[in-house]
Amino acid sequence: MDSPGIVATGVRRSFGDVHAVRDVTLEARAGAVTGLVGPNGSGKTTLLLMLASLLAPDAGEIRIGGVDPISDPAAARAAVGWMPDALGAWPSLTARETLVMTARLYGIGRDDAAAGAARLLDEVGLGPLADRPARVFSRGQKQRLGLARALVHDPRVLLLDEPASGLDPQARIELRTLLRRLAAEGRTVLISSHVLSELEEVVDDAVFLVEGATVSSERVAAAATRQRTWRIRLADRDARAAVVPIAQTLGLDAALIPIDRRDVLVAFVTDNDAASALAALIAAGLPVAEFAAATGILEHTFLDLEGGRS
Amino acid sequence: MNGGRLWTIARLELLQRVRTVSWYVLLGVFALVLIGVTGLAFLSFGGWEQSGAGVYSVVVYVTLLLVLLVSPTLSGNSINGDRDAATLAPVQVTLATTGEILLGKFVAAWITGLAFALVAVPFLIVATFAGGVLPWTILTSLAILVIETGIIAAIGVALSGILARPLFSVAVTYLVVAALAVGTLIGFGLIGSAVSSEAVSKSRYAATDAYGNMECRDGSDSCYGDVENMVCDDWQTTTYRMPRYDYVWWMLSANPFVILADATPTNFDTYGNPDDMFGWIKSGVRSAQLSPPLESTWDDCDPASYGPGEDSPTPEQIIAETVPSWFVGLGVQVVLAALLLWWAWLRTRTPARTLPPGTRIA
């Protein structure tokens, strides 16, 4: 269960004078979904390309299920399912053919390939479109095809680059369920995404990547515990009217409390502070309809790290 | 190297090809061109009787020409085009090796080129029915056509792996094909005439008076051939430059059209003339091996030089006394294609250490 699915140590890769990945050290557990979080151009895709055995690192070590993808790419490829961020589908092939062909390239027999393709198409919700050419697919449908393609050889390690982009809300929920199930089956899932609220609901661990380097766990912890903003909404009045009683109850200066549409925004340093504030508001008889962190932990940490950078 | 995976790569390419309409349009246009060519060839070789060999050779030549013209477009973007469409990397992460990907695409491009030869088959059969085509000619010419198609396909696929931009690699493939088909001819012509030798022509004529009448010692009007009686002028010597094609004839051996002609056995008529295009081109190219005469003499006062002189050799004689070179040219082409494929393999293999400038792997 705890055997590491992906281990990267001191990985570095540059393209000419562009240092895409400077220093990445990460570990993704088997049986867990690990999120790879970072701003645009932070090296997420380059890192995934190296993990997928397409790109050789300039320095550092990578182990995929214990295998070095540089010295033994075939063994690493058999273990890894990679879903690229670019939607590359053979335009005139149907979804079913795409999956069967990919399975054949993984050395899977004709009959197994066909059966596997049918199962995967249902799993990602492309069953009704199985025999339509990929050319007519929408972005979200291509995304699902890409996910199915990454799964054809039943890989133990999954590398998903922005799998949720272009998916509708229903499909995102299905994706989340699928990822949880894949992790529950003991696979290692590494997923990169910009949609942090999405990621928040599915990942067990998170790795933060800033300017090509992984952020140390201490810095992440520090960022995560820095003060966060809560949204407060009262049931019986709009935000402008709510500011004064909330400020009085919490002992704050009403003029300094920001208002965002229907909500009053109040910052707390710790979760305990927030909890006692809520108790105070209720004790004061205010009809609290909403009391929620304005940003998720991931987003909060991400923005904090981002802010620290600039 | 795994045959199943290699063939899957080839099938991927071919499946996509056969599902595009433009492909069938191209084949249809080619068929129309062949209808016209075959009809005109029958007219120019003098009707149905005994024109089979000529028509057959013309159809094979037009097919080769078309393959050379079309193949670079079909194969010259197979790898970098896939990279641009983001369909290359999903194949590279499978168990398919770089060699399998390259060779699979090469096989697919070859088969695609052969589809044109397939369209030409009915016309070849018609020509064969007209008679006069030897089985050995059919076998050799078709074999060379198939091999040439493969070489062009290999060069196109390789260049698409070496160069990053599809448009550029297609253009370079065309340039390589042009260098082989036209460049060898231009090089042959230009270098051959540039390295010309000095040739000397000596001549002595019977003397004539101011009215143009012959001068004879005995005062008669005509004494031509009567050496005793003739008055001869002084010897005149003129020099001129003679192109030395015999120094550069080998350049033509890398030309696909020359290879096709040179490799195909020739059937001669009773006058020693070939009965098809292959033979005429072969004898023309082979005659370049003969060194040109650098001295010529004409003497009115020597009846021995009056005679009919040496007959210029017939094509049959030329071909008999010169050496074939097609296998050298074909060998050079095969080595070129193999080297380019190997270079493409270096540029495409994964995990990639260096990337061609300006490309992303995915």
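Residues are numbered from 1 along each chain as its sequence is written, and chains are lettered from A and ligands numbered from 1 in the order in which they are written. In this predicted model, local features need pLDDT of at least 70, side-chain atom pairs count only at pLDDT 80 or more, and totals for chains, interfaces and linings use all residues.

User: How many helices and strands does chain A have?

Analyst: Helices (H or I, at least four residues) and strands (E, at least two) are DSSP runs, numbered from the N terminus. The C-alpha atoms of chain A fill a box of roughly 70 × 45 × 35 Å along the principal axes. The secondary structure within chain A comes to 11 helices and 13 strands.

User: What percentage of the residues in chain A is buried?

Analyst: A residue is buried if 20 or more other C-beta atoms, placed from the backbone, lie within 10 Å of its own; it is exposed if 12 or fewer do, and partly exposed in between. Chain A has 310 residues, and the buried share of them is 44%.

User: Which residue in β8(A) is the bridge partner of A:Val37?

Analyst: Two strands pair if DSSP finds at least two bridges between them. In chain A, β3 (residues 33-37) and β8 (residues 205-210) pair in the parallel sense over 4 bridges. Residues are in contact if their C-beta atoms, placed from the backbone, lie within 7 Å, and A:Val37 touches A:Leu196 and A:Phe302, among others. Its bridge partner in β8(A) is A:Phe208.

User: Which residue takes a positive phi in the hairpin of β8(A) and β9(A)?

Analyst: Strands β8(A) and β9 (residues 213-214) of chain A run antiparallel, joined by 2 bridges. One bridge sets A:Val210 against A:Ala213. The hairpin has 2 residues between the strands, and the residue with a positive phi near 50° is A:Glu211.

User: Which residue in β3(B) stands opposite B:Arg204?

Analyst: In chain B, an open sheet of 3 strands has the order β2-β1-β3, with mixed pairing. Its edge strands, each pairing on one side only, are β2 (236-242) and β3 (295-299). Strand β1 (residues 197-204) of chain B pairs with β3(B) in the parallel sense over 5 bridges. Opposite B:Arg204 stands B:Asp299.

Definitions and conventions:
Two residues are in contact if their C-beta atoms, placed from the backbone, lie within 7 Å. Lists of a residue's contacts leave out its neighbours within four places in sequence.
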